[in-house]
Amino acid sequence: MPRLVKDPHAYFRTLVAGREQGESRLAASAAARGIPVIGPVVGRLLALLCRVMGAARVLELGAAVGYSAFFLADAMRETGGCVVSVDMHEAHCREARANLAAFGLADHCAVLCADARNLPLGEEGFDIVFLDVDQRYYAELEPVCHRLLRPSGLLVADNTAFADAQEFNLLIRDNGRWDAVNMYAFLPNHAPESDGICLALKKHQRRKSI
């Protein structure tokens with residue numbers, strides 16, 4: 001059997017792509033204030049998923065300082081789409097808007113100050129939903145994400161290794177509405193670096209025969 005590399009954590013740190021100055025500065029500023037961010041690896045994963053799916057409409061639940069929206073909106077600049085980034089705290093929304101504007105991404109991301117549990121966004125239609133709020137609310141937001149995604153739309157949930165995400169994880173596994181994989185992984189520069197991330201595809205609903 002082929003052997004693993006020596007010290008995988010150190011090795012995979014060397015594979016993290018170069019970071020843009022603005023992104024690195026925003027991550028450092030957030031860390032100094034105790035605000036967790038997804039880091040460049042998960043950020044690039046989100047951007048890659050947007051590009052692979054040709055996503056035109058993306059919803060982010062949990063804007064914070066706009067760090068993850070930076071990656072999503074940058075991908076939207078390529079696909080011609082737009083991100084709606086939601087946060088219930090007005091101060092977070094103001095900061096996220098300012099940061100996205102500074103990156104030249106304001107035309108590709110609208111920041112909405114609202115409670116994610118009561119979004120005035122109508123029915124399904126988003127290609128991707130990125131869920132990154134307090135994990136205590138994940139299970140409550142599962143039906144919201146399902147409603148807002150188009151059939152075969154993708155839900156990406158961060159921080160699924162947290163104990164408060166357990167009810168959500170079981171819902172995704174057991175309720176029959178998703179094709180999902182939930183991974184526990186080493187994620188360099190993520191907060192925390194050892195965490196779970198869930199990718200769940202919304203299943204097509206079969207119509208009942210009359």
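Tutor: We will take the pockets, then a pair of helices.

Tutor: Keep in mind that this model is predicted.

Student: How is empty space found?

Tutor: Rolling a probe the size of a water molecule over the atoms shows where empty space is left. Here, the largest pocket holds about 670 Å³ of space.

Student: Which residues lie nearest the centre of the largest pocket?

Tutor: Gly62, Asp87, Asp132, Val133 and Asp134 do. They belong to a lining of 33 residues. Helix α4 (67–79) and strand β2 (82–87) each supply at least two residues of that lining.

Student: How do the lining residues of the largest pocket divide?

Tutor: Into 18 nonpolar, eight polar and seven charged.

Student: What volume has the second largest pocket?

Tutor: About 190 Å³. Its lining includes Pro8, His9, Phe12, Pro40, Arg44 and Phe186. By type, the lining has nine nonpolar residues, one polar and one charged.

Student: Now the helices. How is a packed pair described?

Tutor: Two packed helices are described by the angle between their axes and the distance between the axes. Take α6 (residues 138–148) and α7 (residues 166–174): their axes come within 7 Å and cross at roughly 35°.

Student: Which residues make the contact?

Tutor: From α6, Tyr138, Ala139 and Glu142. From α7, Glu167, Phe168, Leu171 and Ile172. Five of the contact residues are nonpolar, two are charged and none is polar.

Definitions and conventions. Residues are numbered from 1 along each chain as its sequence is written. This is a predicted model: local features need pLDDT of at least 70, side-chain atom pairs count only at pLDDT 80 or more; totals for chains, interfaces and linings use all residues. Side-chain values use heavy atoms; hydrogens and water are left out. On a 1 Å grid over the protein atoms alone, a cavity is a set of points where a 1.4 Å probe fits but cannot get out, and a pocket is an open set with protein on both sides within 12 Å along at least five of seven lines; lining residues have an atom within 4 Å of a point. Grid points are joined across faces, edges and corners, and a volume is the space filled by probe spheres set on the points. Helices (H or I, at least four residues) and strands (E, at least two) are DSSP runs, numbered from the N terminus. Ala, Val, Leu, Ile, Met, Phe, Trp, Tyr, Cys and Pro count as nonpolar, Asp, Glu, Lys and Arg as charged, and the others, Gly among them, as polar. Axes are lines fitted to C-alpha atoms, for helices over the stretch in contact, and angles run from 0 to 180 degrees between N-to-C directions. Contact means heavy atoms within 4.5 Å.
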